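Hi,

Here is the structure I promised to send over. Have a look at it first, and then read my notes below.

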Amino acid sequence: MIEANYSTHKSVLLAIREAVALYLFDKNREKDIPKVAESFLLLDDYEGDRVPVSAVMEEVNSLCNALQDNYLGLRLNLLVNIEQLPFYQSVSACIRPFSEIENELPFLLVSRIVYRFFFLITQSIELKLTEEKGLLRFDLTSNAPDIMNKHQMDGAIVLIYRIIEAFYSSHLTKITVAYR
């Protein structure tokens, strides 16, 4: 069962909601926005900047039921404005000083920074960084496998990919999604 302390940052929920609107416009389903918005959690009901994963799952399941898309996590997280996420801002604050003097950080260091700040997005997924045979591998494991779905894992993979790609363009060569 989920521990009470597993949570997701509210900024992720807001970014996904914005992506849902873009998704619906793209699919010519903008008339569905009010209906879908009815299933959104009232974020003011939660103190601080985080929402328990169990509550987030209710919203995710409602979105999945309303939108009926097998690749929803992938599609929505490709539409997310990553620059508004504290996760991106934290990684950027670490990397920016080096890019301003035109020094390129080693890929391993950028990957480790992403790994260390991942908890800002969600604590429902444990991220592990493994160096093996000269390659790096990110392993994602659900801390709430009994209630999480593939869309959340897909979304986390896409966000990690997009953050690394933002700072280390064209360096990622392969993404393998074992459960797909």
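Tyr-168 counts as buried, at 11% relative accessibility; buried means under 20% relative accessible area, exposed over 50% and partly exposed in between, with a 1.4 Å probe and protein chains only. Keep in mind that this is a predicted model, where local features need pLDDT of at least 70, side-chain atom pairs count only at pLDDT 80 or more, and totals for chains, interfaces and linings use all residues. Residues are numbered from 1 along each chain as its sequence is written, and side-chain values use heavy atoms, with hydrogens and water left out.

Back to the rings. The partner of Tyr-168 is Phe-107, in an edge-to-face aromatic pair with 5.1 Å from centre to centre and 70° between the planes. (Rings of Phe, Tyr and Trp, the last by its six-membered ring, pair if their centres lie within 6.5 Å; planes under 30 degrees apart are stacked, over 60 edge-to-face, and the rest tilted.) Phe-107 sits in helix α6 (residues 107-117) and Tyr-168 in the segment after α7, so this pair links distant parts of the chain, 61 residues apart. Helices (H or I, at least four residues) and strands (E, at least two) are DSSP runs, numbered from the N terminus. Phe-107 is buried too, with a relative accessible area of 15%.

The structure holds 3 aromatic pairs. Another of them is Tyr-88 with Phe-167: the ring centres are 5.2 Å apart and the planes at 25°, so the pair is stacked. Because Tyr-88 lies in helix α5 (residues 86-100) and Phe-167 in helix α7 (residues 150-167), the pair ties together parts that are 79 residues apart in sequence. Tyr-88 is buried at 13%, whereas Phe-167 is partly exposed at 22%.

Next, Leu-63, which is in helix α3 (residues 53-67). Leu-63 is buried, with 5% relative accessibility. Leaving out residues up to four places away in sequence, Leu-63 touches Ile-16, Val-20, Val-36, Phe-40, Gln-68 and Leu-72; contact means heavy atoms within 4.5 Å.

Buried residues make up 44% of the 180 residues. The C-alpha trace spans about 50 × 35 × 35 Å along its principal axes.

Cheers
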